[in-house]
Amino acid sequence: MEGEVLFDAFSRGRYATDASIYQIEPVGVAVPKTEADVARALAVAADLGVPLLPRGAGTSQCGQTVGEALVIDYSKYLREIVAFDPEARTVTVQPGIVLDHLNAFLRPHGLWYPVDVSTAAQATLGGMAGNNSCGARSLAYGNMVHNVLEVEALLASGERLTFGPVPEAGKPVPGPAAYRHLVETVRALYRCEREELAARVPKVMRRVAGYNLDMASDSGPFNMAHLLVGSEGTLACFQRLKLKLSPLPPHKTLGVVHFARFYHAMESTQHIVKLGPAAVELVDHTMIELSREIVQFRDTVARFIRGEPEAILLVEFAGEDRGEQLAKLRRLGELMGDLGLPGSVVEVIDPKLQKEVWEVRKAGLNIMMSMKGDGKPVSFIEDCAVPLEHLADYTERLTRVFEKHGTRGTWYAHASVGCLHVRPVLNMKSEEGAKKMRAIAEEACALVKEYKGSYSGEHGDGLVRSEWIEPIYGPRLVRAFEALKHAFDPQGLMNPGKIVHAPRMDERRLFRFKPGYRPLPLETALDWSEYETESSRSPGAGFAAAVEMCNNNGHCRKFDAGVMCPSYRVTRDEQHLTRGRANTLRLALSGQLGPEAFTSPAMYETLALCVSCKGCKRECPTGVDMARMKIEFLHHYHQRHPRSLKDRLVAHLPRYAPWAARLAPLLNLRDRLPGLAALSERFLGLSARRSLPRWRRDVFRGPQEIGAAASASLGEVVLLPDTFNTYFEPENLRAALRVLTAAGYRVTVATSADGGRPLCCGRTYLASGMVEEARTEARRLITALAPYVARDIAVVGLEPSCLLTLRDELAALIPGPEARALSRRALLFEEFLVQARDAGRLHLMLCPLDAKRALVHGHCHQKAFGAFASVVQVLRMIPQLQVEPIESSCCGMAGAFGFDAAHYDLSMRMAALSLLPAVRAAEPEALLVADGTSCRHQIRDGAGRTALHAARVLEQALATAQP
């Protein structure tokens with residue numbers, strides 16, 4: 001193969017799970033680089049009689065993408081657009097392409113692929129076709145099966161066939177003999193089962209159970225591709241998909257309907273759909289409350305939720321005529337008044353807010369999974385669909401079932417088609433949890449059957465629902481499905497155990513948390529107590545529970561706006577994904593990779609490319625904080641493996657910096673004398689292609705810098721100098737000092753209580769896992785700043801990675817009220833100015849600059865803690881300055897990461913994704929702004945441009961105003 005072949009235990013472990021409750025170790029993993037690679041892998045597997053499992057993003061909630069088989073991962077390479085016909089509105093793609101990427105390509109042509117699943121940022125078209133995905137707007141556009149025209153696929157025999165339209169009986173069927181034989185088999189099966197299909201297949205729009213045999217015909221035309229859609233990789237390996245496209249609706253309006261009672265929301269849906277909406281989506285009270293606790297969604301929720309509703313419905317109207325959509329929105333308000341709920345509709349007209357509202361809904365699954373503790377919302381009946389006239393009664397009765405079994409359910413999603421995602425909260429680590437799951441499933445299936453609904457409405461069958469096809473469809477149709485499977489795959493090698501011949505859904509040996517699962521004891525260095533439960537207070541239990549917060553939904557695979565996951569965006573390897581790292585940690589912490597796996601070199605390699613950007617802390621709705629987990633890991637790893645000289649030099653930088661600054665001319669020779677850079681790479685591992693920060697002799701002198709400026713009296717603020725700005729760019733601290741003083745504040749420069757070495761946040765120590773050294777620095781910091789914190793004085797810093805350590809890791813280093821109090825008063829320079837302005841306590845006179853445009857790159861930690869918006873707001877205080885944020889992920893430097901010779905190429909590739917192209921395209925007179933010292937360094941090295949800290953830009957505006 002040209003692609004990768006992975007058979008080591010760590011790689012197989014990473015592919016043993018998807019977003020379901022199951023974990024099955026595969027035989028191995030093949031990552032094909034070409035379509036020919038897929039054929040080669042399939043031939044080897046068939047020759048050896050090894051099962052084959054095609055996989056896209058691996059985000060299945062039903063266990064479709066796990067099994068004891070050779071996994072074929074399409075997502076890394078096979079993601080090309082093969083053909084596009086805008087006139088015919090068709091596109092042909094490889095299975096590994098992500099939906100959002102396809103729609104980004106189509107958008108300039110006024111087209112989109114309208115099966116808009118909530119996981120569009122990571123879902124591959126192959127996986128969507130395998131599942132027969134639906135999306136929020138299926139009411140208007142149908143399911144995947146209605147939007148797939150042809151499928152090119154490989155059978156287990158190795159034959160590559162094109163499955164597409166079949167003419168009516170009597171007309172010749174194009175294609176080779178194998179294809180014609182399959183067509184005749186399908187026709188014969190349909191002929192035998194026509195009456196059973198008519199009697200048994202649920203008459204609801206959302207039904208994806210079994211195979212789509214009901215869409216075939218024994219005499220008329222039909223489409224063989226529809227048999228493959230929803231087949232979950234059990235019939236063939238997709239190679240190419242020809243898709244039907246739709247015009248982008250130019251106008252949308254959104255009504256957020258509030259309900260004091262959940263039942264009334266369900267009862268009203270059947271009336272709302274008569275208005276012709278494109279979507280009607282449910283968000284329940286639990287999801288609203290969890291959203292309010294997540295930084296990423298808190299502000300958005302506050303803008304469209306009024307009061308404390310028990311449920312809301314998001315009702316979207318879309319089409320060509322804006323006036324018509326607004327009229328429908330008004331009719332929605334009138335309808336709700338007629339139903340006894342006047343004033344219940346919040347109208348959302350602004351497209352930007354509409355997008356943000358939908359982002360909250362799209363994150364519904366992950367928001368639900370953000371619950372801490374052993375009990376989690378479990379996916380096994382979340383796709384049942386019933387006719388709308390029964391929806392209210394069904395949800396009411398199912399809620400009673402949950403109560404009977406001592407739990408509750410969380411509800412959200414597709415009210416418009418009677419398919420609500422509901423997840424009972426269960427502890428799947430316990431036998432009792434598994435028994436409750438079984439009991440609830442049996443009662444739910446009986447309810448669905450009573451209402452003539454579908455037990456599998458969107459996410460497919462997999463391991464969790466295949467068992468339940470027979471109670472709904474009957475034994476005769478199940479035998480027909482088995483015959484269809486045999487016709488395509490006589491040896492039963494294609495993803496066995498799904499749809500037909502499935503195991504019981506509650507076989508605990510297949511669960512992620514198998515009988516006897518427990519974390520190995522571990523004395524953690526950081527405090528993880530917030531994740532502990534009453535039943536899990538053993539050493540290391542909190543850390544293990546934090547790792548287990550990863551639900552495998554794969555949101556970290558996204559490539560759109562935001563930061564995470566920078567290294568995965570470059571490598572596209574599961575190993576370098578937040579999910580991949582979390583899975584490996586979980587397996588190691590529970591002993592499933594061996595007793596020494598947690599501190600092994602293989603685990604080190606798994607975490608090596610985590611740049612500690614903190615993107616996952618904010619953007620992963622379940623809050624998986626891989627950066628903090630990496631600190632914990634490095635602490636334990638280096639108890640067994642020595643640190644390199646480079647790591648020690650970086651870690652101890654704050655302690656020797658005062659002495660190094662005195663030797664600045666000598667140390668700076670490294671980048672001036674030929675050969676010294678190469679020597680530093682050979683002996684220290686510092687890339688010869690990377691310049692080093694220049695030591696300065698004119699360092700920031702702390703309180704000595706203040707002088708007469710201390711007389712400003714609007715208020716007091718503490719400036720916390722960081723090591724990097726003090727010794728490498730002291731002009732930034734001087735600029736901040738001048739701006740704060742000009743704003744009317746008396747500035748105190750923070751110094752150690754004992755008059756010793758300068759204060760330090762401990763960030764460099766944490767980056768090397770030197771937790772005790774970081775804890776020492778944290779104690780000094782808390783002691784020195786305690787008098788100011790006690791007087792509620794803000795502590796302001798310039799370097800995001802340093803200052804935000806006080807808001808994050810400080811409490812994990814030294815739990816207690818002192819750390820929490822300092823955390824609350826720690827602000828970045830721009831955050832302080834914005835808060836002061838909003839409170840009417842900012843007397844800052846700024847005048848226009850010569851530059852009229854500023855491009856701003858946000859530091860990863862600024863974005864992770866919601867602090868980047870303050871930078872943009874502060875710069876927009878400068879008159880006539882056009883401020884534009886650069887849509888970028890990590891700059892690639894990430895502290896010392898980009899200086900490492902082994903990481904240099906990867907670092908530059910990260911920067912080249914979006915940051916460097918934007919900087920290089922900027923006009924020479926444009927200002928470039930970046931608060932991170934590493935970010936500024938990357939921009940200088942990668943683009944030859946100078947970026948400034950925002951404090952320097954404000955100082956320039958001050959200099960113009962006050963010569």
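Modeller: Buried means under 20% relative accessible area, exposed over 50% and partly exposed in between (1.4 Å probe, protein chains only). This is a predicted model, in which local features need pLDDT of at least 70 and side-chain atom pairs count only at pLDDT 80 or more, while totals for chains, interfaces and linings use all residues. Residues are numbered from 1 along each chain as its sequence is written, and side-chain values use heavy atoms, with hydrogens and water left out.

Colleague: Which residues of helix α12 are buried?

Modeller: In α12, Leu-353, Gln-354, Val-357, Trp-358, Val-360 and Arg-361 are buried. Helices (H or I, at least four residues) and strands (E, at least two) are DSSP runs, numbered from the N terminus.

Colleague: Why are the buried residues of α12 said to line one face?

Modeller: Viewed down the axis of α12, they fall within an arc of 150 degrees, so they line one face of the helix. The arc is that of the directions from the helix axis to the C-beta atoms. Pro-351, Lys-352 and Lys-355 are exposed, on the face of α12 turned away from the buried side.

Colleague: How do you know that the length of α2 agrees with its number of residues?

Modeller: Helix α2 (residues 35-48) has 14 residues, which should span 20 Å at 1.5 Å a residue; the end C-alpha atoms are 21 Å apart, so the two agree. The expected span is 1.5 Å times one less than the number of residues. Gly-49 follows α2 and has a positive phi, near 70 degrees.

Colleague: What do the buried residues of α2 pack against?

Modeller: Glu-35, Asp-37, Val-38, Ala-41, Leu-42 and Ala-45 are the buried residues in α2. Their arc around the axis is only 150 degrees, which puts them on the same side of α2. They pack against strands including β2 (28-31), β3 (52-55) and β12 (237-244).

Colleague: Why is Leu-927 called buried?

Modeller: Because its relative accessible area is 11%. Leu-927 belongs to strand β27 (residues 927-930). Beyond its neighbours within four places in sequence, its contacts (heavy atoms within 4.5 Å) include Leu-849, Leu-881, Leu-948 and Val-953.

Colleague: Why is Ala-678 called partly exposed?

Modeller: Because its relative accessible area is 46%. Ala-678 sits in helix α28 (residues 676-684). From Ala-678 to Ala-688 there are 10 residues in sequence and 5.1 Å in space, C-alpha to C-alpha.

Colleague: Why does Glu-232 count as buried?

Modeller: Because its relative accessibility is 5%. Glu-232 is in the loop between α7 (225-228) and β12.

Colleague: Which is the peptide bond from Met-564 to Cys-565, cis or trans?

Modeller: That bond is cis, with omega near -10 degrees. Cys-565 lies in the loop between α19 (541-547) and α20 (566-571).
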